[in-house]
Amino acid sequence: MPLKIAIVSQGKSKKPALEALIQEYKKRMQFSIALEEYFPKDIDVFLQKGGRKIALDPLGVTLSSQNFSQKLFSCSESRLYFFIGGDEGFSKNFLEKVDEVISLSKMTFTHQFARAILIEQIYRASEIYKGSKYHK
């Protein structure tokens, strides 16, 4: 059974090239990861759903790609939720309600770039887990 991951983001990419890149990575991992994306007006609704909740924030823990892969594939939860904030990021209150806060980088990215980077890293994690040469 593939790993179930949901990405909950404040907005979808408006850049065709970036969206094409995202779709390419989603296509590559379609048999190993069940990836869903949501773009709700109120992301707090997803805090009530079952599964592990992980928010992306520049102040979160930074992981190597190998550590990220281990985290994904050793998780005992049936579903992982990744939250990508908008222009203002997340409130302290929201960050206190999630299970974990990780950082893609100490740099700040638009939610559109963060989504693309996260999806590529999820794909990379699956390839590390499989032992493919993609990561090298």
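Is Glu120 buried or exposed? In this predicted model, in which local features need pLDDT of at least 70, side-chain atom pairs count only at pLDDT 80 or more, and totals for chains, interfaces and linings use all residues, the numbering of residues starts from 1 along each chain as its sequence is written. Side-chain values rest on heavy atoms, with hydrogens and water left out. Glu120 is buried, at a relative accessible area of 12% (buried means under 20%, exposed over 50%, and partly exposed in between, with a 1.4 Å probe and protein chains only).

Glu120 forms a salt bridge with Arg124, at 2.9 Å from N to O (a salt bridge is a side-chain nitrogen of Lys or Arg within 4 Å of a carboxyl oxygen of Asp or Glu). The two residues are 4 residues apart in helix 4, and are therefore separated by about one helical turn (helices are DSSP runs of H or I with at least four residues, strands runs of E with at least two, numbered from the N terminus). Arg124 also counts as buried, at 17% relative accessibility.

The whole structure contains 9 salt bridges. A network of them links Glu19, Lys26, Glu37 and Arg115. Because Arg115 lies in helix 4 and Glu37 in strand 2, the parts tied together here are 78 residues apart in sequence. Arg115 and Glu37 are both buried, whereas Lys26 is partly exposed, with a relative accessible area of 22%.
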